[in-house]
Amino acid sequence: MEYTRLGSTGTTVSQLCFGTWRFGRNTGGVVETDREEAHDLLDAAWDRGINFIDTANVYGDPNGTSEEYIGEWLDDYDREDFVIASKVYFPFDGRGEPGPNDSGLGRKHIRAQIEGTLDRLDTDYLDLYYIHRWDEDSDIEETLATLDDLVREGKVHHLGASTMAAWQLTKALWTSDVEDYERFDVTQPLFHAGYRDDVKDYLDVCADQDLAVCPYSPLAGGFLTGKYERADPDDPKQFEGPEGSRGDIYDSFGDYYLSERGWHVLDELRSVADELDATPAQVALRWLVEQPDITCVPIVGARTVDQLDENVGAVDISLSDEQFNRIVSARYADDGERWGHRD
């Protein structure tokens, strides 16, 4: 495993982050990753050098299950070896039906949720605390003041922002600077080789402000692993995939991940993978790790140890400028723009 600084912070993390959104998640009456499987995957991640673990208070069914699994697992390890991230925003149903103050980024909800998160993780502090979304109903000054207090109290080391517009991120950073609050050091956007909508301006802000980028869904829900094949040359959303895969389970998979651009990118990932004796998934992850101008640490959500091993193989390859830029060009196959080339 290779390691990198998390943006401008003094914290060092593995080049891949292990995501735990499947832990305790109930899909069609079946738990995707139960307690034993979760602990086995965490063991495997640590054995392979991954020290960065991502979760959220709402992951699992009921909410908080993912954090509980991680907290139980950490009992057998030295907490200081790990960089643990969690999140706050969405309605939390740990007390039954969520009440009017059980969601959002107001002071009351943040204060309640950090205590619950720390309790479930069985830790005194978080290394990284994200706001999971932008809250239109809460004043950003109140949110940032509350998060600033958590840092000053030692309950949180660094702050992060997940899934918002570039202008919202800029507004939050400006407010922190003006009010002398702790600012966001890390972001968590949707970003993968097949996706470019609404991400250019966001990444420009991250590069200018030296914010680390930890993309979620870096393999487009498994599409960029190459396990799906196009079923209709005239309809990019028609595909064939393995039974039990996300595309097989979720009806919205094609609408969410598939496009003409995506198939062009997948073709190029396969071509580069053949040249490197790698897999499309490894090339897709490496393309993110090698992004110019930003520290990019993809969040991988492997369901099995074999998948995790494939993901970790991304740290053992490197892309030439020509290979990197071919993937960029595939992202823009439908127009003339070429943002993101590497010199």
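D309 counts as partly exposed, because its relative accessibility is 34%, where buried means under 20% relative accessible area, exposed means over 50%, and partly exposed lies in between, with a 1.4 Å probe and protein chains only. The model is a predicted one, in which local features need pLDDT of at least 70 and side-chain atom pairs count only at pLDDT 80 or more, while totals for chains, interfaces and linings use all residues. Residues are numbered from 1 along each chain as its sequence is written, and side-chain values use heavy atoms, with hydrogens and water left out.

**Salt bridges**

D309 forms a salt bridge with R48, and the closest N and O atoms of the pair are 2.3 Å apart; the term stands for a side-chain nitrogen of Lys or Arg within 4 Å of a carboxyl oxygen of Asp or Glu. R48 lies in the loop between α1 and β6 (52–54) and D309 in helix α11 (residues 305–312), so this pair ties together parts that are 261 residues apart in sequence. Helices (H or I, at least four residues) and strands (E, at least two) are DSSP runs, numbered from the N terminus.

Side chains of opposite charge can pair when their charged atoms come close. A search of the whole structure finds 18 salt bridges, and three of them are set out here.

| Pair | Closest N and O atoms |
|---|---|
| R35 and E72 | 2.8 Å |
| R48 and D309 | 2.3 Å |
| E290 and R286 | 2.8 Å |

R35 and E72 form a salt bridge, and because R35 lies in helix α1 (residues 35–47) and E72 in helix α2, the pair ties together parts that are 37 residues apart in sequence. R35 is partly exposed at 39% relative accessibility, and E72 is partly exposed at 31%.

The salt bridge between E290 and R286 joins two buried residues, since E290 has a relative accessible area of 14% and R286 has one of 12%. Salt bridges that share partners also join R111, E115, E153 and K155 into one network.

**Cysteines**

How many disulfides does the count come to? The count is zero, where a disulfide is a pair of cysteine sulfur atoms within 2.5 Å. C17 is in no disulfide, and the nearest cysteine sulfur, that of C214, is 6.0 Å away. C206 is likewise in no disulfide, its nearest cysteine sulfur being that of C296, 9.5 Å away. C17 is buried, with a relative accessible area of 0%, and C206 is buried, with 1%.

**Backbone features**

Most residues other than glycine have a negative phi, and most peptide bonds are trans. A cis peptide bond, with omega of about 10°, joins D61 and P62, and P62 is found in the loop between β6 and α2.

T163, a residue other than glycine, has a positive phi near 60°; T163 is found in the loop between β9 (156–162) and α5 (166–179), and is partly exposed at 24% relative accessibility. S217, also a residue other than glycine, has a positive phi near 50°. S217 lies in the loop between β11 (212–213) and β12 (229–230), and counts as buried at 16% relative accessibility.
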